[in-house]
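Here's a quick briefing to read alongside the model. Have the viewer open and follow along.

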Amino acid sequence: MKQPEKIHPVGLSIRGGSKVYPGTVALKDVDFDLHMGAVNVLVGENGAGKSTMMKVIAGVEQLTSGKLILDGPEVQFRSTEDAARHGIGIVFQELNLFPNMTVAENIFISREKTRLGIDIDMAAQRDMTRALMKRLEHDIDPDILVGDLKVGQQQIVEIAKSLAQDARILILDEPTSALSAAEVEILFRVIDDLRASGVGIVYISHRLEELIRVGDYITVLRDGVIAGAQSMEGVDIPWIVRHMIGQASKDFAKEIHHEYGPEIFRAEQITAPNRHGGFDVQDVSFSLRAGEILGIYGLMGAGRSELLECIIGDRRDYRGDLFVNGERLTSRTVAGRIAKGIALIPEDRKSDGLVQILSIRENMTLSSLKTLTRGVHLSLKREAETVRDFIHRMTVKVASPEYEVSSLSGGNQQKVVISKALMTQPKILLMDEPSRGIDIGAKAEVFRVMRKLAAEGLGIIFVTSDLEEVMSLSDRIIVMSNGRISGEFTHGTATETALVEASAKGHAPDAPADPEPKDATG
Amino acid sequence: MSDSTVPTSSGQAASGSALLLLLKARTFIALILVLLFFSVFAPNFLSAANLVIMSKHVALNAFLAIGMTFVIVSGGIDLSVGSIVGLCGMVAGWLVLHGINPGFGWSIQFNTFEICLIVVAVGVAIGALNGFLITKLNVAPFIATLGTLYIARGAAMLSSDGRTFPNLSGNPEYGSDTFRWIGTGNILGIPVSIWMLVIVGVAAAYIARRTPLGRYIYAVGGNEKAAGLSGVRVTRIKFFVYMFSGFCAALVGIIIASQLVAAHPATGDTFELNAIAAAVLGGTSMSGGRGRIGGTIIGAFVIGVLSDGLVMMGVSAFWQTVIKGIVIIAAVVIDQAQQRVEARAALQAQAALGK
């Protein structure tokens, strides 16, 4: 084995680090080295302790026992400010932005550029924000409210925020979970740039190919202990998976072969305007057969989520027609659409999918209470039975269905959302980024469920930014770009290059967001 | 793995759940303590007559607090209930005294039941106005109901030029002489208003726990967006909670007018604050999604017994106000402790599953 420390000095290490929460041990006697001028990737299933370890480094949490060593001496970070003073920046998985403030205000929050310590120098902040955005190759207006940005753009703002602090150590916790291929490329260029300037980067992701591509050193965590740590040389996906879950398997791509049924859903010329006078979705038509899985691939902001919002009835400002089993949908409410057999699994589980303070049971049955009700009387007994049945079928790991849904891990929360949708007995299931932010084990289970449902005759439309996912899961793929369908592929004709090309049509990083007028006539 | 629901068991969990039970029952414990305290220190506190009088006082606030609980659980606030009490009392008084005069030299007179129906309709209509402003015109609940607070109060004043409608004894010819019975009558030795409270309270608790409507109210308050995407008709739910709150306020208006045999346009001033206090004392979370009707009713009793008991002990009214404030703040602080203990218990049980 070579000695990588000579090339990349160790900037920060943890020795014998343990972190105990009431009732659970998140980290057990962990040794970790962070190499400067390199990308240290960190991988592990949800709950393996990755985030806890990063929180310790970023000063959010303190070790119960063990040492944190920074450039030689032992240090203790009592707060994030404390860590930031030592040059440690972190981009959390859950975005920590203020939606009611502008991009520039967010980037300089608590470190405002001021004149004489009182008056905020907005012009300077704006200029610096523009420079940062240029470095990140994103055209985000410093004065736009963060709440008006797409999730992917918010991610970019988070990264810009850390860059603005001149961090020597930058922790990126799943930075690409909401980014599309082109945006990921940009991010990787930024990472290369930072790496070259000597910044030590910790990169956490569930996307294993990314880790292989970007990483210099890898650390695998399993159940709070280090399951493997070495330089990236000779590491491949089977190696990572083997260390993560203790076995070399990744079988979500297995297809259950079955015949498709008749057409169950059709969209005709769906067009939805956006606030800037252009279109979120433009002239989109497609059909779906029973038992078919239709993948919709595209970049962030290509109009995929907006299309699903039109179909479920959350958006009402669109034109065009939707048909279920050949019957035109007249109801424009979500409840009406659900009654017709459409169900949505939203992209943002936390804010759109679940009512966090309600119990697991109450969340699961929220969409299907009518079937559990006679007259006005809700049968709690039947509800409990149904919930038990679904917990069993979906293998949700819960201590009790009465606990708040927020006590579950991401993967289990997603299963609750899927259960909620399935309880309405849908014919068409819309899934927006169903694997976002869940670990590889839960992901495989979600995909298995999708396959099984399709085999049972459900039509599934799923949106994803993950090439591998869309290629292996879909029977048919539609690629969207700038609100339009820019390519359609069958399982046989789809190649990664073709998909990426179609998704980039008229969508170079600096191209204007709205399509050209002559496109609109065609 | 196949059956993933496992029972939680350990000594630690047991002591945790005992603490949790204690915290959950805190409003009830507080009520018992308050009752014990006054039965020792206030003369005649435990006499039947005093208990009946006290519960009649409490009932008025409890009605409003029940309606308020639904509104707060749905993520809103209803500041207009006090004014609706005043306006509905005036409408009741007007109808008893004058009936409706269409301007042809004769008037339509109503019996007690019809008067109650009309008054309730007025209360519900103001609630519907709140719902309309909040859902259709997107006015923040605080502002919308602040507006209707002023409108309803102004309308009450206008109805009599600020004067009191006296002598609402009714007229046997029209069948309105029974109006007094609502406020002063007894069934099986228990005041009518208490029976009404029992009916409304049980109905509200039933709606909250055992109907889809109730579940939707909690869901809307917990996460409006997620509820909407799950097929909950958010607009309807909001209309319902404000209309129900208006309904409760109308009942209080009728009861007060009947008890006093008079209607004064300033009646119900700041009642909304007492209602909010009772709901919060009963464990309702101001950020929505959490609260129980039973808790609210007990909360109303704690506040009511506290103020009546202090009066009987001869404590100055000013001190009463201070004490009420302290009790409310303490309640919220304890509530937050409960949330923490509950969340920790759930996380521990979940962690015990080994993820």
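Helix 3 of chain B passes helix 8 of chain B in a left-handed crossing (the near helix is turned anticlockwise from the far one by less than a right angle). Heads-up: this is a predicted model, where local features need pLDDT of at least 70, side-chain atom pairs count only at pLDDT 80 or more, and totals for chains, interfaces and linings use all residues. Residues are numbered from 1 along each chain as its sequence is written, with chains lettered from A and ligands numbered from 1 in the order in which they are written.

**The helix pair in chain B**
- The axes of helix 3 (48–73) and helix 8 (192–210) of chain B come within 10 Å and cross at roughly 30°, with axes being lines fitted to C-alpha atoms over the stretch in contact and angles running from 0 to 180 degrees between N-to-C directions.
- Helix 3 and helix 8 of chain B are therefore roughly parallel (angles under 35 degrees).
- Helix 3 of chain B brings residues including Phe63(B) and Ile66(B) to the contact, and helix 8 of chain B brings Leu197(B) and Val200(B), among others; contact means C-beta atoms, placed from the backbone, within 7 Å.

- Asp71(A) has phi near 50° and is found in the loop between strand 4 and helix 2 of chain A.
- Val261(B), with a positive phi of about 55°, is found in the loop between helix 11 and helix 12 of chain B.

**Chain A against chain B**
- The contact takes 45 residues from chain A and 35 residues from chain B.

Note on methods. Contact = placed C-beta atoms within 7 Å. Helix = DSSP H or I, 4+ residues; strand = E, 2+ residues; numbered from the N terminus. Parallel < 35°, antiparallel > 145°, perpendicular 65-115°, else oblique.
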